[in-house]
Amino acid sequence: MADIVGNLAHIQERIAEAADRSGRGPDEITLIAVTKTFAADVVLTAYEAGMRNFGENRAREGVSKMTALEPYVSDTPPTWHMIGHIQSRKARLVAEHFDYVHSIDRLKIARRLSGYADAAGCILPVLLECNVSGESSKYGFSLRDWEEDASQQKTFFSAVAEILALPSLEVQGLMTMPPYVDDPEEVRPLFASLRRLRNALRERFPSANWHHLSMGMTSDFEVAVEEGATFVRIGRGIFGARS
């Protein structure tokens, strides 16, 4: 098993250093441990080491780990983040069990989640997933050329207005999934683009909460922090390679 305790300490140290380079405090960045494919006992080890934010890509897998951890949870329960693509048929499961959703990528799923959250009597914090790289393999609102393409911007802003009007969702910012690259500097422009998009949304919809930028993974989180990330999502750097 990976040295989870040591890895967490090392990641936190690197986050603090990246935050300092950008004139920010480490408390402005939340580390999310991505537990996809890792067993519940591995997640428990991270929880016992002080980790409190966990990210899952699949709803049912996440719920099974929530259930497994329940007997061991102390006075500070974990916060579970849905960071993967949400199938319409899994929307109820997400709304009823997850504390945070990073992957609102279309109006249809936003409406479904709002309906299920309303039925559950809760307000669900969410982020809008933005595909600023243009990769066809990535989910998210299509926004590769949002700064130059007025029609792309108009389409997105129209969708945002509808999502902001939904009664049981609270939009709190944006998320993106960059390509996997060897040199993290290659994706810095994408992180900067997401930050500029967040700033444009602040101007267009000033009454909404646009605080968060969920961006950065094991290979590039330091660059993401330097560009304004408030959530970084790290799996391999904490738990080791997936089998």
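This is a predicted model: local features need pLDDT of at least 70, side-chain atom pairs count only at pLDDT 80 or more; totals for chains, interfaces and linings use all residues.
The protein chain contains nine helices and nine strands, and its C-alpha trace spans about 50 × 45 × 30 Å along the principal axes. When contacts between residues at least 6 apart in sequence are considered, 64% of them join residues at least 24 apart.

Six aromatic pairs were counted, and one of them, formed by Phe 38 and Phe 239, is tilted, with 4.9 Å from centre to centre and 40 degrees between the planes. Phe 38 lies in the loop between strand 1 (30-34) and helix 2, whereas Phe 239 belongs to helix 9 (residues 236-239), so this pair ties together parts that are 201 residues apart in sequence. Both Phe 38 and Phe 239 are buried. Elsewhere, Phe 141, Phe 156, Phe 157 and Phe 205 are linked by ring pairs into a cluster. A contact between a charge and a ring is also present, in that Arg 52 lies over the face of Tyr 47, at 3.8 Å from the ring centre.

The structure holds 15 salt bridges. In one of these, Arg 14 is joined to Glu 222, with the closest N and O atoms 2.8 Å apart; Arg 14 is in helix 1 (residues 4-21) and Glu 222 in helix 8 (residues 221-226), and the pair thus links distant parts of the chain, 208 residues apart. Arg 14 counts as partly exposed because its relative accessibility is 22%, and Glu 222 is likewise assigned as partly exposed at 23% relative accessibility.

A further salt bridge is formed between Lys 138 and Glu 135, where the closest N and O atoms are 2.9 Å apart. The two partners fall on either side of the burial cut-off, which is set at under 20% relative accessible area: Lys 138, at 17% relative accessibility, counts as buried, while Glu 135, with a relative accessible area of 24%, is partly exposed.

The side chains of Arg 188 and Glu 185 also meet in a salt bridge, at 2.7 Å from N to O, and Glu 185 is partly exposed, with a relative accessible area of 42%. This pair belongs to one network, in which salt bridges that share partners join Arg 21, Glu 185, Arg 188, Arg 195, Glu 226 and Glu 227.

Methods
Residues are numbered from 1 along each chain as its sequence is written. Side-chain values use heavy atoms; hydrogens and water are left out. Rings of Phe, Tyr and Trp (its six-membered ring) pair if their centres lie within 6.5 Å; planes under 30 degrees apart count as stacked, over 60 as edge-to-face and the rest as tilted. Helices (H or I, at least four residues) and strands (E, at least two) are DSSP runs, numbered from the N terminus. Buried means under 20% relative accessible area, exposed over 50%, partly exposed in between (1.4 Å probe, protein chains only). A charge sits over a ring if NZ of Lys or CZ of Arg is within 6 Å of the ring centre and within 35 degrees of the ring normal. A salt bridge is a side-chain nitrogen of Lys or Arg within 4 Å of a carboxyl oxygen of Asp or Glu. Contact means heavy atoms within 4.5 Å.
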